[in-house]
Amino acid sequence: MSKLQTFIEQQRKEKPILLMTHVVYGYPTIDESLALMRDLLNEGVELLEVQFPFSDPSADGPSILHACHQALQQRPTLARCLEDIALLAEDFPASRILLMSYLNPLYRYGLERLPADAAAAGIAGLIIPDLPLELAADFRHSCVEARIEPIWMLTPETPPARMQQICDAASGMLYCVSRRGVTGADSHNSGNSQQVPLEDYLAAIRATTPLPLGVGFGIRTGVQVKALHGMADIAVVGSGLLDAFNHGGRSAALEQVRSLRG
Amino acid sequence: MQSDKGFFGRFGGSYIPEILHASQQALLDAWNQARVDSDFLAEVDRELQQYSGRPTPLTPCPNLTRELGGAQVFLKREDLNHSGAHKMNNVIGQGLLVKRMGKKRIIAETGAGQHGVASALIAARLGLECTIYMGARDIERQYPNVFWMKQLGATVVPVTSGGQTLRDALDEALRDWSADPSGSHYLLGTACGCAPYPEMVAEFQSVIGREVRAQSLQQFGTLPDSIYACVGGGSNAAGIMLPFIDDQSVELVGVEAGGRGPAPGDHSIRLSDDLGSPGIAQGFATMFLQDDQGQLMETHSIAAGLDYVGVSPILAHLNDTGRVRMTAANDDEVMHAFQALLRLEGIIPALESSHAVAGALRDIPAMSPDKKVVINISGRGDKDIFNVASAVKDAEFGPFLQRYLARELQA
């Protein structure tokens, strides 16, 4: 069993659900984003997801898209981001940090060397929404060598056979996208085709894998988090937290986190 | 050109969020069946002829030839398609595929607006709902096209994020597709994006090259010696070039947008001059204009349709192998070429296509008079009236608009 899975399962013994809070590195500045990360870790969030910004975040909705574009004004580098995360990981050993970014900045850095460098920085897992499993053989190998978890995503559109395939390949945890569309509040017309109810979707995943399940996309209230009790292990909050931060700064973001704990 | 599981050498692939995977696979299956179905192919051919007016002519240019004093110049007249651009070839093909798949809604991105207009036309003809994403900056440059899209019943959504051009529109179209992957078809307008788009769009556009081949043999008894095409996303270039890929005697030249110069943000040169570098974004691997952190850069061209940060993986591969020679023409050369074609041959090319003309004008004087050069006029220039009026500093255009506005405000 991976270190990340062990950590999540131990935490879950005392808590009905864990929180994964998301912060865009460099938004609104690098220092302010790091201060927010420290606040969140001080507040005791079990998992922190750090997004290294990319100019074209195609799976993100308006809130995170805007934050990424603002963050890029700071000209962040992945090397410095890894250094900053290493300091956080050292100061907050009771939580785990995951790095999320789109493929191109990571490809530019070197997809082969990233897992080892990220692991050395104390990062527990890597989330890359535009890297599909079938094109990731070399990356997965590098992750195994570096003992860091590549975190794969499942969605309500993922057919059963592929769900099985992804679950078989996964380790650490799975990121279950709660619904169609992009991150944040619904911004596009989601069409007429029926969506599977969330509980059926999560039950189907639960029946396929014993790995911890994180649920994200559109999760922003304590009621939503509570509704996930018993169906998932981790609630992932991204745009909701960012919207709170944009509204009232770090204190509002912390209030939001407390309200999610219910 | 057949891909190897979606790859063309080191480029291509399908790097998309998991939410789109099932829909992308369904498209791949539908395309693989349709491409070998003679009924489907016959239906596409019929629509190309009866709706778009194909075949488009191969027009000799005796005056331009005389003026240049080198090779003989011929133009492939994609500007004479319905909608005024080669974009129609692709939307007819994909539109009929959408009907076959039973989907009711299409999403499209557009730069200059030509693909947007073509998508809106085919949506009206086939009874499909149509949403078009267009960069707010491009809307400012090409409002007349937006006007027609709306008149045709399409919903046009301005994209205000990033540089507000084609690449941002493409990201937003992907986001829309993610919200309704099984109900909507993403009608991508160029030979870019995840598999099977590059291969499928290039195949629908290859009617251009197949016609050139037959017309050359008929009109001058041999294949052309050189073919020039502008390269934005790369679909008109792939379309005219791919049917000649095995004819080593035919030189294939792609012309990118040199813009104002080689400084970052001033051009859209991905393949020539070593300005681009390998990357993976917008669903596929290709040569992108990007910084050392892998952030995609802003681009510029006088022609909105060439103002794109990536390029077809097919052309990136053919540039790798040396089969296609890539070059660039800057904004000034393009305006000169545009005016030459107007004055000498009475043809108004799109500013995009004028890049191909500019590239050819540079080489033709040094070529022997028995050589034949074909330039792809991918679209007509009427849409560029505002930009051209501004570039040629027409004294009457501004006052005309003021009088028009004054009349409209009174009415």
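In the predicted model, helix H2 of chain B comprises 13 residues, 38–50. The distance from its first C-alpha to its last is 18 Å, close to the 18 Å expected at 1.5 Å a residue. Three residues of H2(B), namely Val44(B), Glu47(B) and Leu48(B), are buried. These residues lie on the same side of H2(B), because the arc they cover around the axis is only 105°. An α-helix has 3.6 residues a turn, so residues three or four places apart point the same way. The cover over the buried residues of H2(B) includes two further helices of chain B, H4 (87–101) and H10 (207–220). On the face turned away from the buried side, H2(B) carries the exposed residues Ser38(B), Asp39(B), Ala42(B), Arg46(B), Gln49(B) and Gln50(B).

Contacts between them involve 40 residues of domain 1 of chain B and 40 residues of domain 2 of chain B. On the domain 1 side, two or more residues are given by each of strand S2 (11–12), H4, helix H5 (114–126), helix H6 (136–141), helix H7 (143–151), H8 and helix H9 (197–205) of chain B. This side of domain 1 of chain B divides into 18 nonpolar, 16 polar and six charged residues.

Chain B also meets chain A, with 31 residues of chain B in contact with 37 residues of chain A. At least two residues of the chain B side are supplied by each of helix H1 (21–34), helix H8 (166–179) and strand S11 (277–281). The largest share, seven residues, comes from H8(B). By residue class, the side of chain B that touches chain A consists of eleven nonpolar, 14 polar and six charged residues.

Chain A contains eleven helices and nine strands. Its radius of gyration is 17 Å, close to the 18 Å that the globule rule gives for 262 residues, so chain A is as compact as a globular protein of that length. Along the principal axes, the C-alpha atoms of chain A fill a box of roughly 40 × 40 × 40 Å. Of the 262 residues of chain A, 53% count as buried. Among contacts in chain A with a separation of 6 or more, 72% are accounted for by residues 24 or more positions apart.

Definitions and conventions. Residues are numbered from 1 along each chain as its sequence is written. Chains are lettered from A and ligands numbered from 1 in the order in which they are written. This is a predicted model: local features need pLDDT of at least 70, side-chain atom pairs count only at pLDDT 80 or more; totals for chains, interfaces and linings use all residues. Helices (H or I, at least four residues) and strands (E, at least two) are DSSP runs, numbered from the N terminus. The radius of gyration is taken over C-alpha atoms; the globule rule is 2.2 Å times the number of residues to the power 0.38. A residue is buried if 20 or more other C-beta atoms lie within 10 Å of its own, exposed if 12 or fewer, and partly exposed in between; C-beta atoms are placed from the backbone. Two residues are in contact if their C-beta atoms, placed from the backbone, lie within 7 Å. Ala, Val, Leu, Ile, Met, Phe, Trp, Tyr, Cys and Pro count as nonpolar, Asp, Glu, Lys and Arg as charged, and the others, Gly among them, as polar. The expected span of a helix is 1.5 Å times one less than its number of residues. The arc is that of the directions from the helix axis to the C-beta atoms.
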